[in-house]
Amino acid sequence: MLDIKYISEHIDDVRRAIRDKRVACDLDRLLAVNQRRKELQTEFDKLRTESNDLGSNVALYRNPKSKWYQDAIAKGMTEAGIKSEAEKTQGRLGEIKGRTKEVEAETKLVLEEFDRLMLTVPQVPSAKTPVGPDANGNVEVRRVGSPRKFDFDVKDHVQLGESLGILDIPRGVKLAGTRNYVLRGPGAMLHYAVLRLAVDTITSRGFELFNVPILVKDDMMRGTGYYPGGEEQAYRCERDEKSLVGTAEVPLTAFHTDEILDDAELPKKFAAVSTCFRREAGAAGKDTAGIYRIHFFDKVEQVVICRADEAESERFHHEIIANAEAVLQALELPYRVMAVCTGDMGQGKVEMYDIETWMPSRNGYGETHSASRFGEFQARRLNLKYRDGAKKVQVCHTLNNTVIASPRILIPILELNQNSDGSVTVPKALRPYMNGMERITPRGA
RNA sequence: GGAGAGGUGGCUGAGUGGCUUAAAGCAACGGUUUGCUAAACCGUCGUACGCCCAAAAGGUGUACCGGGGGUUCGAAUCCCCCCCUCUCCGCCA
């Protein structure tokens, strides 16, 4: 969410953002509603000022012991005169009350519409962001490592997982329906090894580790920008007005909601590992094979809450991307970094980079990380602020990025480390987390 | 889930219909004093929105005492609904 004052003063920028991001936002209506909102407040304030003034007089008229009353009598006013003055005042107060109720009723409607429209205004993309219609407009920034060339017939992760007895998709479906799976034995160990490597990496880089609620109030989904709009993608528990999060970004970013932080305690660097739930509504038929697009997974997420400073925010953006790359490099996986274009980046984002890791079964790069810079979009919705050096209250900036998400990352790990005999070599970086296991071989073999 | 007690500023805590402009204290910040620290004293000390000002500084108005309704000329205060916290009981990893 942007500041309404900023919006009114940067109409062209906002209009361009609406166009480039292809979001539905009636800016003209918002500006008109805002104008009406101001008029109503001005009238309401005037009514209340008069009402407050006259109201305190009534107390005096009615209290013969008050100084005002005795002064009035001394000046020659009669009790009857004061009484009639009191009645006159109450008559005026009745008129004010009637009009105030009308103004309040309209204000309620206007504010509802104002709030609803404000939630649709997109953040203005950074100058570095490529303009484009959809994922096809994303631009490759750099490429690290190169895809492995095989001299035998490669298996995909589903074949490998089944033959090694570490991934059981049919039973996952039996338990929980499509897009579910079961990891077992060395498969589950590999999954937790990846998460632990990621946790160790991110905490060694100065991020504080959290364990957070993953069923959160809808307010937090709104505050982080997932609602309105993303309700269909989340498992929502209607009777409790709570939702299962699709990422720990939500509770981490919202951790300080409704707080004013001290300048000195920023930046906040948070990380958490959590299970993530996604309905994948509207994705029917897309990425149905294997464990690429699934209803639940575990993810280590990193979040930064920093000052309202563009340069500082950019610096942290680079930092959280570097953190993710460090994990991929430790896992010896080839990847590329993509600058996400305006049409693919989402309403709230100022700048966004995806990291895509090479996946032999897709014969291409698949998205494994997403690093977003939100400016004040989330912080303003969350009422997340800080007091700057001059003691002025400012809205924070927020950013986040994946550290690692598994089992999606197991796709390249399994496929790229497979051997001609069907076994999979465990990446060196993961062995300490797998009781020293160097190779996953078929069950019983 | 049942019963009871509560929710007031960063914190503690007064406040049962109108001199409340939310007391007082603590913490914090600025200053005076001081060889330094401490203490003492003085001052400042909420958020949001509107308006004034070219802007900043500042000024001014309104709202806000868990949330939402109601009574009243007037509500932190009275009434209703909801939420949350604490204590006890029940259930439970």
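Trainee: How far apart do the C-alpha centres of domain 1 and domain 2 lie?

Mentor: They lie 55 Å apart. Domain 1 covers 26-118 and domain 2 covers 135-440 of chain A; such bounds come from an automatic or database domain assignment. Keep in mind that this is a predicted model, where local features need pLDDT of at least 70, side-chain atom pairs count only at pLDDT 80 or more, and totals for chains, interfaces and linings use all residues. Residues are numbered from 1 along each chain as its sequence is written, chains are lettered from A and ligands numbered from 1 in the order in which they are written, and side-chain values use heavy atoms, with hydrogens and water left out.

Trainee: Why are α3 and α5 called roughly antiparallel?

Mentor: Helix α3 (residues 27-61) and helix α5 (residues 79-118) pack at about 155 degrees, with axes 8 Å apart. Angles over 145 degrees count as roughly antiparallel (under 35 is roughly parallel, 65 to 115 roughly perpendicular, the rest oblique). So α3 and α5 are roughly antiparallel to each other.

Trainee: What makes strand β11 mostly covered?

Mentor: In β11 (residues 335-339), 5 of its 5 residues are buried. Buried means under 20% relative accessible area, with exposed over 50% and partly exposed in between (1.4 Å probe, protein chains only). Both faces are covered: Tyr335, Val337 and Ala339 are buried on one side, Arg336 and Met338 on the other.

Trainee: How do you know that β11 pairs with β1 and β12?

Mentor: Two strands pair if DSSP finds at least two bridges between them. There are 5 bridges between β1 (residues 139-144) and β11, running antiparallel, and Val139 stands opposite Ala339. Another 5 bridges join β11 to β12 (residues 351-359), also antiparallel, and there Met338 stands opposite Asp354.

Trainee: What makes β1 and β4 the edge strands?

Mentor: Look at the order first: the open sheet of 8 strands runs β1-β11-β12-β13-β16-β10-β9-β4, with mixed pairing. β1 and β4 (208-210) each pair on one side only. For β4, the partner is β9 (residues 268-277), in the parallel sense over 3 bridges, with Phe210 opposite Ala272.

Trainee: Which helix packs on the sheet, and which strands does that helix touch?

Mentor: Helix α11 (residues 310-330) does, touching β1, β9, β10 (296-306), β11, β12, β13 (364-375) and β16 (397-406). Contact means heavy atoms within 4.5 Å. The direction of α11 makes about 5 degrees with that of β16.

Terms used. Helices (H or I, at least four residues) and strands (E, at least two) are DSSP runs, numbered from the N terminus. Axes are lines fitted to C-alpha atoms, for helices over the stretch in contact, and angles run from 0 to 180 degrees between N-to-C directions.
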